[in-house]
Amino acid sequence: MLTETANVQSEPPPLVAQFTSSPRGARLARQLAVRHLEERGYPPASDASCAVALVVAELAANAVLHGRVPGHDFGLRVAVDTAAGLVRVEVADAASAKRPPATRPSSAPEGESGRGLLLVDTLAVRWGSAPRHPLGKTVWAEVPITHPTTAS
């Protein structure tokens, strides 16, 4: 019996990687995310790639600065959903007790830090956090993108 198979285009697998909880690990996470988007048709200078790079950089830096637990790495997952026009960025760390604020972050113009989540809030259509079992949390953000053929 001959059956017809629907020509369904599926998204390529997401990027999933672990990094040492260090500034170097955060930098490598950002670079790998940019490369992942480039392989999917979003050049490094495109709006989509730049926005995702900034979100990954901020979430990875927060994982290193605030979520570091000695002996534990942080994880990165980047999933491109061109049909939905989104890139979902997830950064997981081992610190369960240190969760990001539940409300929109405020800007502290006189402070030397504290603007990272404000940047994430500006670039993402949604973001939040969820417990990670058995240990830690995952902070996620969904960044809007255009189809790679129209990406700038």
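1. Accessible areas here come from the Shrake-Rupley method with a 1.4 Å probe, and for residues only the protein chains shown count as cover. By that method the chain exposes about 9,000 Å². Carbon and sulfur atoms supply 55% of this area.

2. The model is predicted: local features need pLDDT of at least 70, side-chain atom pairs count only at pLDDT 80 or more, and totals for chains, interfaces and linings use all residues. Residues are numbered from 1 along each chain as its sequence is written, and side-chain values use heavy atoms, with hydrogens and water left out.

3. The chain has three helices and five strands. Both are DSSP runs numbered from the N terminus: helices are H or I of at least four residues, strands E of at least two. The order from the N terminus is β-α-α-β-β-α-β-β.

4. Of the 152 residues, 39% are buried. Buried means under 20% relative accessible area, exposed over 50%, and partly exposed in between (1.4 Å probe, protein chains only). Contact means heavy atoms within 4.5 Å. Take the contacts between residues at least 6 apart in sequence: 63% of them join residues at least 24 apart.

5. How do α2 and α3 cross? The axes of helix α2 (residues 47-66) and helix α3 (residues 116-123) come within 9 Å and cross at roughly 145°. Axes are lines fitted to C-alpha atoms, for helices over the stretch in contact; angles run from 0 to 180 degrees between N-to-C directions. The crossing of α2 and α3 is left-handed, a term for a near helix turned anticlockwise from the far one by less than a right angle, with clockwise being right-handed.

6. From α2, the contact uses A51, L54, V55, E58, L59 and N62. From α3, it uses G116, L117, L119, V120 and L123. These residues divide into eight nonpolar, two polar and one charged. For the classes, Ala, Val, Leu, Ile, Met, Phe, Trp, Tyr, Cys and Pro count as nonpolar, Asp, Glu, Lys and Arg as charged, and the others, Gly among them, as polar.

7. Within α3, G116, L117, L118, V120 and D121 are buried. The buried residues of α3 pack against α2, β4 (126-131) and β5. L118 has a relative accessible area of 16%.

8. Check E142, in strand β5 (residues 137-144). E142 is buried, at 11% relative accessible area. Which side chains make polar contacts with that of E142? R88 does, at 2.9 Å, and R126 does, at 2.5 Å. A polar contact is a pair of N or O atoms within 3.5 Å; within protein, one must be able to donate a hydrogen and the other to accept it, and residues adjacent in sequence count only if both atoms are side-chain atoms. Leaving aside neighbours within four places in sequence, E142 is in contact with L86, V87, R88, A124, V125 and R126.

9. L86 lies in strand β3 (residues 86-93). L86 counts as buried at 17% relative accessibility. Its C-alpha atom is 6.0 Å from that of E142, 56 residues away along the chain. Beyond four places in sequence, the contacts of L86 include A79, V80, D81, V125, R126 and V143.

10. Inspect the loop between β4 and β5, where P134 is found. The peptide bond from H133 to P134 is cis, with omega near 10°.
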